[in-house]
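Dear colleague,

I am passing on the structure we discussed, and my notes on it follow below. Please read them with the model open beside you.

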Amino acid sequence: MIEIAGQTINLSDPLVIGIFIAAVLTTLIVILLILAVRRAGQSAQAVNFVATQVSRLGDDVQVLNANQSQLAGNIQTVSDAQANAQVRVIQTMEARLAEVNAQVAERLADNALKSARSLSDMQEKMRETLTGSSEKSTKQLTELQERLATIDKAQSNIEKLSGDVLTLQDILSNKQRRGMFGEIQLTDIVSKALPADAYALQATLSNGKRADCLIHLPNPPGPIVIDAKFPFEAYEALAAADTPEMQKIALRELGNAVRVHIKAISEKYIIEGETADGAIMFLPSEAVYAELHARLPAVVREGFDARVWIVSPTTCMATLNTMRAILKDARMREQAGEIRKALKLLHRDVEIIGEKAGKLETHLRQAGDDVSGVITAATRAGKRADRLDNFDFEELAPDADDTVVPLAPPGT
């Protein structure tokens, strides 16, 4: 940096360097002309030759000035492009980060609001429970007196219940009605344990078989079938058997009936690639279920081997609660998967930014190499000017730059 007449001049500026080189060359040309005039008496041919070379050198200087101006424009263009690219990259990253922060904040706010509502509802229920305890005690005493008055009416209800029992016996004695009874009980249990979109009743499989209930579990294990079976005739014969021999025969018939159901379920409702690798047989009677596990454990093991699990109303409810937990966990994993997808997209955006920055670095390095080439050419031009100033024409030799014509001795 130098200061002339109150103005600061940057010596590293390419334009200043070009002007300085042009001034030096102009000065050298003037000096050469003066020297050439002085020595005009020695050799007119040498003067003409020098004039020709000086003219060529002037053309080279003009070309150098033009290249210098073009280089300055290229450097300015690269600087502007770099600044614009950095601004766009920063804006893109800020926009993505702002979007992610907004989504996270929104979900946190929703969770906080849900928690606050749940806590408020729980507190309200506790207050209602505590407040209503004394009122309920009073009402219960009053209702007790009323119930004592209705005991007389209970006799008629008992008689009516006896009729209902007979009706139930008629239902159980009919195989088709008994199947409907098991399906209705299974539907009631499933509807209480699982959400409506987690199962399908009377679902038809790819083999054309219709299942009483199909639970939509995620893979693994996949959708699983629950089929209601009620071997009532065999169990009724076992209950009516009086002698050990009759009980043994009835017990064997009960086991055979259950085996038939196990085989049918295994063949119809276990389809590779479509359903789970097992199925569930629903027994709508706790008594039949208990008798089966107590006196026919071999049949239960055969069901395990055939991948058919036998459940009663109680154990079916427990099994469905476990399935509900599996479904809840799967849905939570789906939400976590969406978050991972968003993070993966964000990671890809960062990789693209890195690639663009690498390309920009390559362009800047290439511009630096061009500047270095210009400085080397200017150095060679300076050396040639020094030789012309000293009239060392014999020492001039061809360089790597073929655009400069070497001086020839006079008379050639």
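Gln202 has its place in strand 3, which covers residues 199-204, and although Gln202 is not a glycine, its phi is positive, at about 50 degrees. With a relative accessible area of 34%, Gln202 is partly exposed. Please keep in mind that this is a predicted model. Arg307 also has a positive phi in a residue other than glycine, here near 60 degrees; Arg307 sits in the loop between helix 8 and strand 7 and counts as partly exposed at 39% relative accessibility.

Two peptide bonds deserve a look while you are checking the backbone. The bond from Asn219 to Pro220 is cis, with omega near -20 degrees, and a cis peptide bond joins Pro220 and Pro221, where omega is about 5 degrees. Pro220 lies in the loop between strand 4 and strand 5 (224-228), and Pro221 is placed in the loop between strand 4 and strand 5 as well.

As for the overall picture, the protein chain has 9 helices and 7 strands, and 24% of its 412 residues count as buried. Among contacts between residues at least 6 apart in sequence, 64% join residues at least 24 apart. Asp386 belongs to helix 9 (residues 313-389) and, at 45% relative accessibility, counts as partly exposed.

Leu283, when residues up to four places away in sequence are not counted, touches Lys229, Pro231, Val288, Tyr289, Leu292, Ile310, Val311, Ser312 and Pro313.

How do helix 6 and helix 8 pack against each other? Helix 6 (residues 244-269) and helix 8 (residues 297-305) meet at an angle of about 10 degrees, with their axes 10 Å apart, and that angle makes helix 6 roughly parallel to helix 8. On the side of helix 6 the contact is made by Gly255, Val258, Arg259 and Ile262, and on the side of helix 8 by Val299, Glu302 and Gly303; these residues divide into 3 nonpolar, 2 polar and 2 charged.

Finally, two serines in loops may interest you. Ser312, in the loop between strand 7 and helix 9, counts as buried at 1% relative accessibility, and its side chain makes a polar contact of 3.0 Å with the side chain of Glu286. Leaving aside neighbours within four places in sequence, Ser312 is in contact with Phe282, Leu283, Glu286 and Tyr289. Ser285, in the loop between strand 6 (279-282) and helix 7 (286-295), counts as buried at 14% relative accessibility. A polar atom of the Ser285 side chain lies 3.4 Å from the backbone nitrogen of Ala287, and, with neighbours within four places in sequence again left aside, Ser285 is in contact with Phe230 and Pro313.

Key. Residues are numbered from 1 along each chain as its sequence is written. This is a predicted model: local features need pLDDT of at least 70, side-chain atom pairs count only at pLDDT 80 or more; totals for chains, interfaces and linings use all residues. Side-chain values use heavy atoms; hydrogens and water are left out. Axes are lines fitted to C-alpha atoms, for helices over the stretch in contact, and angles run from 0 to 180 degrees between N-to-C directions. Helices (H or I, at least four residues) and strands (E, at least two) are DSSP runs, numbered from the N terminus. Angles under 35 degrees count as roughly parallel, over 145 as roughly antiparallel, 65 to 115 as roughly perpendicular and the rest as oblique. Contact means heavy atoms within 4.5 Å. Ala, Val, Leu, Ile, Met, Phe, Trp, Tyr, Cys and Pro count as nonpolar, Asp, Glu, Lys and Arg as charged, and the others, Gly among them, as polar. Buried means under 20% relative accessible area, exposed over 50%, partly exposed in between (1.4 Å probe, protein chains only). A polar contact is a pair of N or O atoms within 3.5 Å; within protein, one must be able to donate a hydrogen and the other to accept it, and residues adjacent in sequence count only if both atoms are side-chain atoms.
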